[in-house]
Amino acid sequence: MNGLDWNEAMERALGEARAAAEHGDVPVGAVLVDSSGVIVAADHNRREERSDPTAHAEMLVLQAAAQGRGDWRLDGLTLVVTLEPCAMCAMAAVWARVDRIVYGAADPKAGAAWSLFNIPQDERLNHYCEMEAGVQEEDCAAVLEEFFRSRRA
């Protein structure tokens, strides 16, 4: 993938987000895509399911890809996620040397990839991630809005 059209990967991430909602987790999905467009890992939030505060979709795909590669360095990969990564996930992407982060909906309350912080592009860190925001933003936001609306009803 050349970074211009991330819609197919985001569709897969949206499918993962919907799966999270099925077991009561906040519907966030993520995939890791290699430079030829192949999805190498896909998962969704599993905090409630696993009683694990670190079981964010992004963390799970980073772990799966590292295990699959046998290396913690995930250069050459793009993280595609339905919601702007939080500080934990943004920093994990930097530590993993991910090339690019692509996300759908911004997170004005906890986003660390432009909204509150810009961890992936902080010049003080030893790695820089390219970023693209707003891919299928309305669809990504709608999944979250529906989930929280149903919880309040």
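1. Helix 3 meets helix 4 through Glu 58, Met 59 and Leu 62 on one side and Met 88, Cys 89, Ala 92 and Ala 93 on the other. Contact means heavy atoms within 4.5 Å. By class, these residues are six nonpolar, no polar and one charged. Here Ala, Val, Leu, Ile, Met, Phe, Trp, Tyr, Cys and Pro count as nonpolar, Asp, Glu, Lys and Arg as charged, and the others, Gly among them, as polar.

2. The model is predicted: local features need pLDDT of at least 70, side-chain atom pairs count only at pLDDT 80 or more, and totals for chains, interfaces and linings use all residues. Numbering starts from 1 along each chain as its sequence is written, and side-chain values use heavy atoms, leaving out hydrogens and water.

3. Helix 3 and helix 4 (residues 87–95) pack at about 25 degrees, with axes 9 Å apart. Helix 3 is therefore roughly parallel to helix 4 (angles under 35 degrees count as such).

4. Where does His 56 sit? His 56 lies in the loop between helix 2 (47–50) and helix 3 (57–69). His 56 is buried, at 14% relative accessible area; buried means under 20% (1.4 Å probe, protein chains only). Beyond four places in sequence, His 56 contacts Asn 45, Arg 47, Cys 86, Met 88 and Cys 89.

5. The largest nonpolar core has 48 residues. Such a core is a set of buried Ala, Val, Leu, Ile, Met, Phe, Trp, Tyr and Cys residues joined through side-chain atoms within 4.5 Å. Leu 74 is one of those with the most contacts inside this core. Leaving aside residues up to four places away in sequence, Leu 74 touches residues including Leu 32, Leu 62 and Val 98.

Definitions and conventions: Helices (H or I, at least four residues) and strands (E, at least two) are DSSP runs, numbered from the N terminus. Buried means under 20% relative accessible area, exposed over 50%, partly exposed in between (1.4 Å probe, protein chains only). Axes are lines fitted to C-alpha atoms, for helices over the stretch in contact, and angles run from 0 to 180 degrees between N-to-C directions. Angles under 35 degrees count as roughly parallel, over 145 as roughly antiparallel, 65 to 115 as roughly perpendicular and the rest as oblique.
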